[in-house]
Amino acid sequence: ATASAADESPRPVRVVIVGSGISGLSAALELGRGGADVTVIDMSSVFGGHAVMSQGGVCIVDTPVQREAGLQDSPDLAYRDFITWGEDAEQDWVRYYVDHSRRDIYDWLIELGVRFEGVLTAPGNSVDRFHQPVGRGIGLVTSIYRACLQHGNIQFEWNTQVVRLVNDAGRIVGVETRSLRDQSISKLPADYVVLATG
């Protein structure tokens, strides 16, 4: 007997992510957790992008770190600050951010093992919200990278440059890459391509 189409498991979605900084690693982790086959491509030989050179601070609203420092914050206060000081701030996005940054950023990072050593001031904020991770930028991205390595469906291609998006009848269907070690050219098919190059 032959198997029917309903008996066949659909193949996982293939996603190429260009860039292994904090945005690329975060996208890779969530896509990998969701079951996608993910390939992260980076010109460098290490993860982290610009995040490893930065202070790694993250603006988050109403957290335990703030409360431990004696700071009173709230989504409504943050919303007023961001709308007042933001240049042409998109109000719906700001509202979503202030209402969800604690859960979607802080709790997510804590779950991955990131620890914060305090909060700093930043222009336009009436309360200190700039959360400083232990280890600065490298402390922030290392935890996300380690979590990616725990998923067999997330792969990394280092020392590789994306030189062209592959277009088929107006749809991006992959990338063309160049190895920075031997200059060889390859094509990598994908259902989706995420550009996370800063």
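Me: Why is Arg 11 called partly exposed?
Reply: In this predicted model, Arg 11 has a relative accessibility of 46%. Partly exposed covers what lies between under 20% for buried and over 50% for exposed, so Arg 11 counts as partly exposed.

Me: And what makes Asp 191 buried?
Reply: Its relative accessible area is 17%. The cut-off for buried is under 20%, so Asp 191 goes in as buried.

Me: How do you know that Arg 11 forms a salt bridge with Asp 191?
Reply: Look at the closest N and O atoms: they are 2.8 Å apart. The criterion asks for within 4 Å, so the pair counts as a salt bridge. Arg 11 sits in the segment before β1 and Asp 191 in the loop between β9 and β10, so the pair ties together parts 180 residues apart in sequence.

Me: What makes Arg 136 and Glu 117 a salt bridge?
Reply: Here the N to O distance is 2.4 Å, again set against a limit of within 4 Å. This pair also links distant parts of the chain, with Arg 136 in helix α5 and Glu 117 in strand β4, 19 residues apart.

Me: How do you know that the length of helix α1 agrees with what it should span?
Reply: Helix α1 has 12 residues, and at 1.5 Å a residue it should span 16 Å. The end C-alpha atoms are 16 Å apart, so the two agree.

Note on methods
Residues numbered from 1 in each chain as written. Predicted model: local features only at pLDDT ≥ 70, side-chain atom pairs only at ≥ 80, totals over all residues. Heavy atoms only, no water. Helix = DSSP H or I, 4+ residues; strand = E, 2+ residues; numbered from the N terminus. Expected span 1.5 Å × (residues − 1). Salt bridge = Lys/Arg side-chain N within 4 Å of Asp/Glu carboxyl O. Buried < 20%, exposed > 50% of the residue type's maximum accessible area, 1.4 Å probe, protein only.
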